[in-house]
Amino acid sequence: GAFRAERLERLEDAELEARDVKKWIPRAQLLNEGEATEQRIKQLHHPALLHIVGHGIVRGIEDCKLDPSSPACQLGSMDPAARVMSLSAIVLEEAYGRGGASSQDGLLTALELQSLDLQGTQMLVLSQCRMADGMPSSGEGVFGMRRAAAIAGVRTFVAPLWKIADATEQALMDGFYKELSAGKGRAEALRAAQLGLLNNPRTASFLQWAPVILSGDPGPLPRALFAK
């Protein structure tokens with residue numbers, strides 16, 4: 001296909017971030033390299049919380065050169081929001097050639113996300129979801145995913161609007177879950193984690209602490225999520 005996953009830089013701190021999440025949510029199922037496939041994600045049924053560490057993309061016009069019949073490539077046939085829903089994608093293991101016997105391509109589009117069984121899922125976190133390819137607006141891609149998450153039934157959506165360094169994102173998410181585990185509301189917990197970055201000279205820039213957005217239910221997560 002036109003998309004080549006090897007063009008994406010390796011997220012060195014991805015596994016560290018995933019283990020941080022498990023530290024705060026001990027009963028979380030951790031899918032490592034080779035396991036976090038699109039097929040596995042599509043087989044989930046209303047998980048309490050879904051946290052995906054990895055790249056996000058908005059595929060561009062080069063994809064349409066290979067498959068001009070794709071609905072997303074018919075510029076006059078759909079509004080821009082619908083087109084972004086078709087081209088925004090979360091990059092999963094199959095796209096790196098690590099999907100085993102999976103029949104999926106490893107690009108979970110927003111259109112596919114909206115059909116997942118996420119009714120009642122408390123929170124979807126797309127961490128380090130970098131819209132690194134194709135159309136220039138990462139915001140459009142993230143909003144496409146946010147819309148899809150709401151349609152799928154997710155109560156709270158969390159994702160960065162622009163590129164953020166691995167280590168910074170890891171620190172932000174660790175602080176976020178620490179505050180959540182203490183019983184703070186989702187919006188309050190994110191704000192506290194962002195203030196932690198703001199107060200650190202190395203991450204005080206707006207570009208470092210500000211990109212992550214939260215929409216939906218701002219209240220605390222159920223305490224049962226943090227039980228051992």
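**Note on the predicted model: contacts and exposure of selected residues**

1. Setting aside neighbours within four places in sequence, valine 125 is in contact with Leu50, His51, Ile52, Val158, Met173 and Tyr177. The model under review is a predicted one. Valine 125 belongs to strand E5, which covers residues 123-127. With a relative accessible area of 0%, valine 125 is buried, because a residue under 20% is counted in that class. Its C-alpha atom lies 8.4 Å from the C-alpha atom of threonine 156, although 31 residues separate valine 125 from threonine 156 in sequence.

2. The chain as a whole gives the setting for these details. Nine helices and eight strands are present in the chain. The chain has 228 residues, of which 51% count as buried. Where contacts join residues at least 6 apart in sequence, 78% of them link residues at least 24 apart.

3. Two helices deserve attention as a pair. Helix H1 spans residues 14-24 and helix H7 spans residues 166-181; their axes come within 10 Å and cross at roughly 5 degrees. H1 is therefore roughly parallel to H7, since angles under 35 degrees are placed in that class. On the H1 side, the residues that meet H7 are Leu16, Glu17, Asp20, Val21, Lys23 and Trp24. Their partners in H7 are Glu169, Gln170, Met173, Asp174, Tyr177, Lys178 and Ser181. Sorted by class, this contact of H1 with H7 comprises five nonpolar, two polar and six charged residues. Met173 and Tyr177, listed here for H7, are also among the contacts of valine 125.

4. Glutamate 17 is a member of helix H1 and one of the residues that meet H7. Is glutamate 17 buried or exposed? Its relative accessible area is 1%, so glutamate 17 is buried. The side chain of glutamate 17 makes a polar contact of 2.9 Å with the side chain of histidine 51. His51 is in turn one of the residues in contact with valine 125.

5. Arginine 186 is located in helix H8, residues 186-198. This arginine has a relative accessibility of 1% and therefore counts as buried. Which side chain forms a polar contact with the side chain of arginine 186? The partner is threonine 156, at 3.0 Å. Beyond neighbours within four places in sequence, the contacts of arginine 186 include Gln122, Met123, Arg155, Phe176, Leu180 and Leu214. Asp217, Pro218, Gly219, Pro220 and Leu221 are also among these contacts.

6. Two loop residues complete the note. Alanine 165 is in the loop between strand E7 (156-160) and H7. At 38% relative accessibility, this alanine counts as partly exposed. The C-alpha atoms of alanine 165 and glutamine 208 are 7.8 Å apart, while the two residues stand 43 residues apart along the chain.

7. Histidine 46 lies in the loop between helix H2 (38-42) and strand E1 (49-53). Its relative accessible area is 47%, so histidine 46 is partly exposed. Histidine 46 has a positive phi of about 30 degrees, although it is not a glycine. Most residues other than glycine have a negative phi.

Note on methods: Residues are numbered from 1 along each chain as its sequence is written. This is a predicted model: local features need pLDDT of at least 70, side-chain atom pairs count only at pLDDT 80 or more; totals for chains, interfaces and linings use all residues. Side-chain values use heavy atoms; hydrogens and water are left out. Helices (H or I, at least four residues) and strands (E, at least two) are DSSP runs, numbered from the N terminus. Buried means under 20% relative accessible area, exposed over 50%, partly exposed in between (1.4 Å probe, protein chains only). A polar contact is a pair of N or O atoms within 3.5 Å; within protein, one must be able to donate a hydrogen and the other to accept it, and residues adjacent in sequence count only if both atoms are side-chain atoms. Contact means heavy atoms within 4.5 Å. Axes are lines fitted to C-alpha atoms, for helices over the stretch in contact, and angles run from 0 to 180 degrees between N-to-C directions. Angles under 35 degrees count as roughly parallel, over 145 as roughly antiparallel, 65 to 115 as roughly perpendicular and the rest as oblique. Ala, Val, Leu, Ile, Met, Phe, Trp, Tyr, Cys and Pro count as nonpolar, Asp, Glu, Lys and Arg as charged, and the others, Gly among them, as polar.
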